[in-house]
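The sequence and structure are shown first.

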There are 2 protein chains.
Amino acid sequence: MKAVVLASGGLDSTVAAAMARRDGYALYLLTIEYGQRHHVEIQKAREIAAWLEAGEHKILRFDLHAFGGSALVGSGDVPKNRSEHERETGIPSTYVPARNTVFLSLALAYAEVVDASCIFIGANVLDYSGYPDCRPEFLRAFERVARLGTKKGTHGNTVRIKAPLLLLSKTQIIQQGLALGVPFELTHSCYDPRGDGSACGQCDSCLIRLKGFEDAGLRDPVPYAARASDASSAP
Amino acid sequence: MKAVVLASGGLDSTVAAAMARRDGYALYLLTIEYGQRHHVEIQKAREIAAWLEAGEHKILRFDLHAFGGSALVGSGDVPKNRSEHERETGIPSTYVPARNTVFLSLALAYAEVVDASCIFIGANVLDYSGYPDCRPEFLRAFERVARLGTKKGTHGNTVRIKAPLLLLSKTQIIQQGLALGVPFELTHSCYDPRGDGSACGQCDSCLIRLKGFEDAGLRDPVPYAARASDASSAP
């Protein structure tokens, strides 16, 4: 029983991969490097793959940068220190055009080649910050595309899209990861890391992650260049 | 009114692009180079883009080869001189895993960035040689993914998938291209071209193309290394 897992090296996808392993799947990890800024994620993704004892780990590079259209792949500034309210309204500039559609389609190609029965994706609807392609109805629609658009599907073997974190809060995701022994120190979420790999502590992704650890009563083990809780304890 | 056109440099996608131009769209051509053998297509695609007066022409390289799984991207042999019956039964080894899903998702990302209202694809159901991702129901399912998975769609601007060749025979496609002045000599269909760029004349794609020209009462202007009609007139 094989599963392709979209593995960015981030917290969510690593917890999703650990859940897939717990469920008995042989893991085929797919890391897509699309010219985003956080290049450091790739190295962490390799270390995580080793921890997960993945059967295979493919790193696919392609230049989504060519299209522009996002602060994550373009030259726009990553928004910093936005309030929870700001984060929850509208689609942020870090939205990558059709990202999950592109990622799932590449995972589908991989799933078809290795004959995997499902694709795991760390999509999350509560913390999705307005990304349309993290919604359940989107994932169901993609499943239909997977069934109709592949040789596997034609032969009655549909590829299911599994998003086990879909309805969890960030705190619940962290608790789930804790229960499965996920090495949080290897996971990386920052949209705008420093040259030394430390997280900025101010982008949406850092703010959501830090709050998740705080609400879980844990300290995030990754290094931060600046951390709100550190700043508040400064003189 | 903008349209993204998936432009391989082949006969079908070029005729589809010419139809999009006739319908008044500003063309945004997307050529995807996925490690396939027929590298010569890329150069032809550039020349075709110039003929079409495209507003933009993006060439996106990525290594679908990494997954393997197809004679078109792997090391398997391209099947030669198959009969019409052989071509019409089953899915050929030149099938690229989830190809149109991958291509449409990349076109969707591009469409979202340039704010195009539709994507043109040269998919064809009659000559599709058993490729599941050329069927109308697949294209409709992808349209739903496009609506649900993009910022555009969220704002009520759906991206339509247009496949104007879907129900045409190869002969009808050629006649359509003839009416629009398509420079057939620049289009390239062979799965296994020679080093000098000439078409093999024996793969499924060449056989279908040659028969299409023959049935239209025309001679295909591209050079062939071997051509069935030449062979039959040999001593």
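A:Glu53 sits in the loop that links helix H2 (40-52) to E3 of chain A, where helices (H or I, at least four residues) and strands (E, at least two) are DSSP runs numbered from the N terminus. The phi angle of A:Glu53 is near 55 degrees, a positive value in a residue other than glycine. Most residues other than glycine have a negative phi. In chain B, B:Glu53 occupies the loop between helix H2 (40-52) and strand E3 (56-61), and its phi is also positive, at about 55 degrees.

The model is predicted: local features need pLDDT of at least 70, side-chain atom pairs count only at pLDDT 80 or more, and totals for chains, interfaces and linings use all residues. Residues are numbered from 1 along each chain as its sequence is written, chains are lettered from A and ligands numbered from 1 in the order in which they are written, and side-chain values use heavy atoms, with hydrogens and water left out.

| Residue | Relative accessibility | Class |
|---|---|---|
| A:Glu53 | 64% | exposed |
| B:Glu53 | 63% | exposed |
| A:Gly122 | 16% | buried |
| A:Thr150 | 1% | buried |

A:Gly122 belongs to the loop between strand E4 (118-120) and H5 of chain A. Leaving aside neighbours within four places in sequence, A:Gly122 is in contact (heavy atoms within 4.5 Å) with A:Asp12, A:Ser13, A:Ala16 and A:Leu165. A:Gly122 and A:Ser8 are 114 residues apart in sequence, yet their C-alpha atoms are 9.2 Å apart in space. A:Thr150 is placed in the loop between H5 and H6 of chain A. A polar atom of the A:Thr150 side chain lies 2.8 Å from the backbone oxygen of A:Ala146.

Chain A as a whole has nine helices and five strands, and buried residues make up 58% of its 235 residues. Among contacts in chain A between residues at least 6 apart in sequence, 74% join residues at least 24 apart.

The largest nonpolar core has 96 residues; such a core is a set of buried Ala, Val, Leu, Ile, Met, Phe, Trp, Tyr and Cys residues joined through side-chain atoms within 4.5 Å. Those with the most contacts inside this core are A:Val4, A:Leu30, A:Ile119, B:Val4, B:Leu30 and B:Ile119. Not counting residues up to four places away in sequence, B:Val4 touches residues including B:Tyr28, B:Leu30, B:Ile119 and B:Phe120. In soluble globular proteins, nonpolar side chains tend to be buried together.

At the interface, 38 residues of chain A are in contact with 38 residues of chain B. The area buried between the chains (the accessible area, 1.4 Å probe, that two parts lose on being put together, summed over both) is about 3300 Å², of which carbon and sulfur atoms give 75%. A:Phe67, A:Val145 and A:Leu148 supply 20% of the area that chain A buries against chain B, more than any other three residues. Strand E3 (56-61), helix H4 (99-114), helix H5 (136-148) and helix H6 (151-154) of chain A each give two or more residues to the side that touches chain B. The largest share of that side, nine residues, comes from H4(A).

Technical notes
Buried < 20%, exposed > 50% of the residue type's maximum accessible area, 1.4 Å probe, protein only. Polar contact = N/O pair within 3.5 Å; in protein donor to acceptor, adjacent residues only side chain to side chain.
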